[in-house]
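Hi there,

Here is the structure I promised to pass on to you. Have a look at it first, and my notes on what turned up follow below.

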Amino acid sequence: MTVTSRTSRTPRRPLAVFDLDNTLADTAHRQRFLQRRPKDWDAFFAAAPQDPPLAEGVALAVESARECEVVYLTGRPERCRSDTLDWLAAHGLPEGRVYMRRDDDRRPARRTKLDTLRRLARSREIRVLVDDDELVCDDAEREGFTVPRARWATPSAELKVAQEREGRT
């Protein structure tokens, strides 16, 4: 006899995937650490807990949580996990799994994030990916994902280089 619980027959909610930096968190105050030569990555990430939330992104995440399971997909390194979880909770964001870059992973953000999206899509419907990185958004759209672009933060040339060429965030 096979016993099936009621919850196992309930379909899992689709995923709404949110980036952090310049999608939910305003990184403008810490860009100065990327303008130095050499860049001060330790200071850049140490300042992340002071990021102000971006109202548009936070509202979209809260709204998405009504129909979707919210998860977070960031290029931040794993060593930033504790600060990241504390920041999400402090700003009232929906609980959700956080996918982070391995500390030694220097691949471009569009590669690391697309790899994670593909893996998630094998077992779950991904309703949306919300991200500010145009290259991530372009690649995700080409693969058929729905991508509302987070264009509510001031773009940063330094952050773009960090995401694409240096594989740092």
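To start with a detail you can look up in the viewer: which residue in S3 is the bridge partner of proline 77? The partner is arginine 101. Please keep in mind throughout that this is a predicted model.

**The fold as a whole**

The chain has 7 helices and 4 strands. Read from the N terminus, the elements come in the order α-β-α-α-β-α-β-α-β-α-α. Of the 169 residues in the chain, 49% are buried.

**The sheet**

The 4 strands make an open sheet with parallel pairing, and their order across it is S3-S2-S1-S4. Strand S3 (98–101) and strand S4 (126–130) are the edge strands; each has a single partner, so one side of each has no neighbour in the sheet. From one strand to the next, the twist averages 20°.

Strand S2, residues 69–77, pairs with S3 in the parallel sense over 3 bridges. Besides the pair I opened with, leucine 73 stands opposite tyrosine 99 in S3. S2 itself is mostly covered, with 8 of its 9 residues buried.

Next along is strand S1, residues 15–18, which pairs with S2 over 4 bridges, again in the parallel sense. Here valine 17 has valine 71 in S2 as its bridge partner. On the other flank, S1 is joined to S4 by 4 bridges, and the two run parallel. In that pairing, phenylalanine 18 stands opposite valine 130 in S4.

Is S1 covered or open on its faces? Both faces are covered: Leu15 and Val17 are buried on one side, and Ala16 and Phe18 are buried on the other.

The peptide bond leading from arginine 37 to proline 38 is cis, with omega near 0°.

The other is at asparagine 22, also placed in the loop between S1 and H2. Asparagine 22 is not a glycine, yet its phi is positive, at about 65°. Is asparagine 22 buried or exposed? Its relative accessible area is 3%, which is under the 20% cut-off, so asparagine 22 counts as buried.

**The second largest pocket**

This pocket has a volume of about 200 Å³. Its lining is made up of 13 residues, and those nearest its centre are Met100, Arg101, Arg102, Asp105 and Thr116. H5 gives the largest share, with 4 residues. Sorted by class, the lining holds 7 charged, 3 polar and 3 nonpolar residues.

How many disulfides does the structure hold? The count is 0. For context, a disulfide is a covalent bond between the sulfur atoms of two cysteines. Cysteine 80 is buried, with a relative accessible area of 8%. Cysteine 137 is buried as well, and its relative accessible area is 0%.

Glutamate 134 is partly exposed, at a relative accessible area of 30%. Between glutamate 134 and alanine 150 there are 16 residues of separation in sequence, while their C-alpha atoms are 9.2 Å apart in space.

Happy browsing, and do write back with any questions.

Best wishes

How values were computed. Residues numbered from 1 in each chain as written. Predicted model: local features only at pLDDT ≥ 70, side-chain atom pairs only at ≥ 80, totals over all residues. Heavy atoms only, no water. Pairing = 2+ DSSP bridges. Axes fitted to C-alpha atoms, helices over the stretch in contact; angles between N-to-C directions. Disulfide = S-S within 2.5 Å. Buried < 20%, exposed > 50% of the residue type's maximum accessible area, 1.4 Å probe, protein only. 1 Å grid on protein atoms, 1.4 Å probe; cavity = no way out; pocket = protein on both sides within 12 Å on 5 of 7 lines; lining within 4 Å. Points joined across faces, edges and corners; volume = space filled by probe spheres on them. Nonpolar A, V, L, I, M, F, W, Y, C, P; charged D, E, K, R; others polar.
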